[in-house]
Amino acid sequence: MKKTLPLIITFLAGFYMILAFFVPHHAVAASAQEMQSWEIIIVAFTLVLGIGNLIQVHAAKIRQRQAGWPYSLVLLACLVGMMIIGLGWGINEGTAYYWLYDNVMAPLSAAMFSLLAFFIASAAYRAFRARNKEATLLLVAAVIIMVGRIPLGNHLWQHLPWVGSRFPGALESLTQWIMDIPNAAGQRGIKIGAALGAVSMALRMMLGIERSYLTTGGGS
Amino acid sequence: MGFKSLMSRLVQIDRRWIFLAMALVVAAALLMDLKMPVTVSQDVRRAYQLIDSLPAGTPVLFSWDYDPGSMPELHPLAEAMLRHAMSKNLKVVMMGHWVTGIPLIERQIAGVIRRDFPDKKYGTDYVNLGYKSGQYVVVVSMAQNIYDAFPQDYYRNRTDTLPLMRRVRSLKDLAAVVSFSAGDPGLLMWIQYAWQRFRVPVTGGCTAVSAPEFSAYLQSNQLQGLMGGMRGAAEYEILIGRPGQAATGMSAQSLGHFLIIAFIVIGNIAYFATRKRKEGK
């Protein structure tokens with residue numbers, strides 16, 4: 001029963017939502033809307049579960065003095081601190097929560113993202129090598145896109161002797177062609193493959209073939 | 001020092017020199033406030049035209065689907081589009097799918113609307129619905145009944161009491177959805193649900209790294225224009241006649257790109273020079 005009941009619920013819920021997509025009757029739409037409201041509430045509860053899990057994992061790490069435990073302490077202190085400040089004094093503009101968000105969280109997050117530029121530069125220098133035909137093709141396409149996607153690239157291209165004056169829009173056209181043809185074709189293939197995979201996985205779950213979501217591990 | 005030994009040293013260069021070179025180039029471009037000529041691409045023009053063609057008073061939805069991590073790239077983009085919508089007297093319904101990004105809406109309300117459009121009134125000209133967990137379920141729910149999805153706005157006002165929201169009972173009452181997207185949930189989700197299911201035109205912007213993902217949607221007109229990263233924002237700023245943060249940022253990005261290309265070229269020269277030497281031995 002522990003497994004059968006969730007399987008029945010999964011099948012009925014999945015089947016009903018598919019039905020609601022194809023049947024525009026008011027009664028079906030209204031009940032599907034109700035189910036969607038339940039889903040929003042359930043998803044909100046997963047945030048609570050996530051916080052609980054985070055506290056459990058990091059509290060154990062601190063208790064056992066595992067490697068890097070001071071970071072876990074900082075994480076929990078920030079989590080609890082922000083929660084108390086947010087729940088106690090609100091989160092709108094002018095509150096302590098907003099001040100911390102604006103002056104601590106936002107600059108730190110932006111700084112983390114900005115580090116990408118440095119790592120990309122280092123990785124490009126060390127790893128982007130024309131070792132074989134495929135790598136050379138990728139490298140040439142990447143350089144064309146990098147130059148063609150910035151204003152300075154097109155500006156310099158137009159001032160190149162001979163080619164710049166004869167083919168002023170060639171770099172921009174080539175960049176656009178790479179984006180529109182090989183890139184879009186590849187992206188479409190990936191999307192169609194992912195969509196078919198998602199549909200087949202949904203069907204497997206609805207029909208009870210895929211049951212890994214019922215357990216903490218293992219397969220169907 | 002001979003050429004080959006120089007190449008050999010270059011292959012093993014300490015990566016901190018690379019970091020330093022990048023930092024110097026980006027800082028110099030920003031400090032010198034270099035402005036570079038920006039040409040407007042077709043994708044950005046389409047996004048602009050979608051907003052520009054709407055009559056005054058038309059309600060549109062702006063979704064801030066990013067967090068502070070992507071703020072340097074997406075904030076100028078959102079600012080330019082919000083400024084355009086406000087100058088066109090459109091009614092803007094704001095929300096976001098990233099819980100940590102919602103205070104960024106507040107920042108833009110303060111930085112764009114309250115500062116440059118002080119006559120605009122909350123509840124009548126713009127509304128901030130805030131965040132609701134559920135991702136695509138929220139979008140579908142908004143299409144059925146927006147008051148069910150958002151019974152209260154960000155400031156805990158009842159949504160159905162706000163004058164603007166009395167006109168917007170469903171997602172389908174909106175003329176367009178504009179998403180500023182750093183990933184999932186974001187622009188792709190809006191295309192799949194708002195456009196594909198409910199035929200509400202979708203446009204927006206994304207980080208430069210995710211722009212290639214949307215080429216297919218642009219070609220099939222499922223996406224009505226796109227601003228890709230800082231360049232998209234710079235182009236939009238040109239279109240609204242107000243070059244700002246993005247136009248300045250483009251100079252840093254341009255020089256950064258050239259530096260990376262220089263590193264690729266030097267890295268490859270050093271690689272082939274040392275490889276030949278090894279093979280020769």
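Author: Start with helix α2 of chain B, residues 15-31: its 17 residues reach 24 Å from the first C-alpha to the last, close to the 24 Å expected at 1.5 Å a residue. Helices (H or I, at least four residues) and strands (E, at least two) are DSSP runs, numbered from the N terminus. The expected span is 1.5 Å times one less than the number of residues.

Reader: What should I know about the model and its numbering?

Author: This is a predicted model, where local features need pLDDT of at least 70, side-chain atom pairs count only at pLDDT 80 or more, and totals for chains, interfaces and linings use all residues. Residues are numbered from 1 along each chain as its sequence is written, while chains are lettered from A and ligands numbered from 1 in the order in which they are written.

Reader: Which residues of α2(B) are buried?

Author: A residue is buried if 20 or more other C-beta atoms lie within 10 Å of its own, exposed if 12 or fewer, and partly exposed in between, with C-beta atoms placed from the backbone. Here B:Ile18, B:Met22, B:Val25, B:Val26 and B:Ala29 are buried. Seen down the axis of α2(B), they fall within an arc of 90°, so they line one face of the helix; the arc is that of the directions from the helix axis to the C-beta atoms. The other side has exposed residues, including B:Arg16, B:Trp17 and B:Leu20. Just after the helix, B:Asp33 takes a positive phi of about 50°.

Reader: And how do I read strands?

Author: In a regular strand the side chains alternate between the two faces of the sheet. Two strands pair if DSSP finds at least two bridges between them. In chain B, β2 (residues 91-96) and β3 pair in the parallel sense over four bridges, and B:Val93 has B:Val127 as its bridge partner in β3(B). From β2(B) the chain crosses through helix α5 (residues 102-116) of chain B to β3(B), a right-handed β-α-β crossover. Right-handed means that, with the strands pointing away from the viewer, the path from the first strand over the helix to the second runs clockwise.

Reader: Is β3(B) mostly covered or open?

Author: Strand β3(B), residues 126-131, is mostly covered, with five of its six residues buried.

Reader: What about chain B as a whole?

Author: Chain B has 12 helices and six strands, and buried residues make up 51% of its 281 residues. Its C-alpha trace spans about 80 × 35 × 35 Å along the principal axes.
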